[in-house]
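Student: Hi! Could you walk me through the structure I'm about to paste?
Tutor: Happy to, go ahead.

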Amino acid sequence: MLGRMQFQAMVAHETDDGVVLAREEVGEDFLGPGTVTIKVHYSSANFKDGLAITPRGGVVRNYPIIPGIDLTGEVVASEDAAFTVGDLVIAHGYEIGVAHNGGFAEYARVPAEWVVKLEGLSPREAAALGTAGFTAAMSVQALLDRGLAPGDGPVLVTGATGGVGSVAVDILSGLGYEVTASTGKTDAGELLSTLGAAAVIGRLPEDPDAKPRPLGKAQWAGAVDSVGGKSLAHILSTVRYGGSVAVSGLTGGTELPTTVMPFILRGVGLLGIDSVNFPIDQRRALWARLGKDLKPRHLSTLENIAPVTEAEAVLHAIRGGHHSGRTVLAVAGEF
């Protein structure tokens, strides 16, 4: 399709001094295998992208690579009958941006089995959601599938200013749930109230050095947790009988210092959320809902936009915990 055409990309190289992300001109052979070729309009900035440009970040198999675990845009060539030239699509997860060149480039080529047609969302809106927003939607849907209803009581969202947390607050409040947003950012109250949080609290537990209790006062009808570690242990001990926690993050650590008490005495459910290998049929169905009944009401409030050429600075801010909401990385016309 592109013949011998050259195009621009942000390419990550591993050097003796670390990982360097730099603008380069590359050829079609750099795209790699796939049956759908996409002119990229937008990518987005995710914590995982930050790991991709971090020495020993643990997500990239081999360098050089084009990062960008999310990409949205327009199909320019397809060997699969399910997609035609001009279709607006999103692709994320699977090996994109970690083992298969991703969205920080003018073009991307991926298997058709990784691609979703957009319904009710523009490419920019879809990029604003991206992997983080999709993970939030998966978390909410998992709680709904467990029977959580708006009248059951407060639903806790941790890491509430992050990509997963902020979208979860927006979706849950839009569905009529009473949301309590937990964040370490003391200046985030106005933003979270705008998104629909009924209450804003600090990080949990309040005393991070305290030994986690097997069971605490039952407070939450359910929770969306993107932190993990001691925070998750505390949440599990304070979920009401029959409630569940949808967990997708580990910024608070990978260890879980808890006991079986919440599970066998209160029937608490621990729901693991993985957006990377989520089956494509279910992925497409959930994206369709994100364009309809699950569409966040305040997506434009959450969205920041920056050119993809500034991706490195944005990703360092995310890694350093100095970032809120979702940053869309504009690709088309930015090189």
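Tutor: First a word on terms: domain bounds here come from an automatic or database domain assignment. This is a predicted model, where local features need pLDDT of at least 70, side-chain atom pairs count only at pLDDT 80 or more, and totals for chains, interfaces and linings use all residues. Residues are numbered from 1 along each chain as its sequence is written, and side-chain values use heavy atoms, with hydrogens and water left out.

Student: Which domains is the protein chain divided into?
Tutor: There is domain 1 (6-120 + 299-330) and domain 2 (131-272). Their centres, taken over C-alpha atoms, are separated by 29 Å.

Student: How many residues does the contact take from domain 1 and from domain 2?
Tutor: Domain 1 gives 13 residues and domain 2 gives 14 residues, counting heavy atoms within 4.5 Å as contact.

Student: And what do domain 1 and domain 2 bury between them?
Tutor: About 970 Å², with 61% of it on carbon and sulfur atoms. Buried area is the accessible area (1.4 Å probe) that two parts lose on being put together, summed over both.

Student: How many salt bridges does the rule find across the interface?
Tutor: Zero between domain 1 and domain 2, where a salt bridge needs a side-chain nitrogen of Lys or Arg within 4 Å of a carboxyl oxygen of Asp or Glu.

Student: Switching topic, what does UniProt list for residues 14-329?
Tutor: An unreviewed UniProt entry lists them as "domain: Enoyl reductase (ER)"; positions follow the numbering used here, feature names are shortened, and annotations may be inferred rather than shown by experiment.
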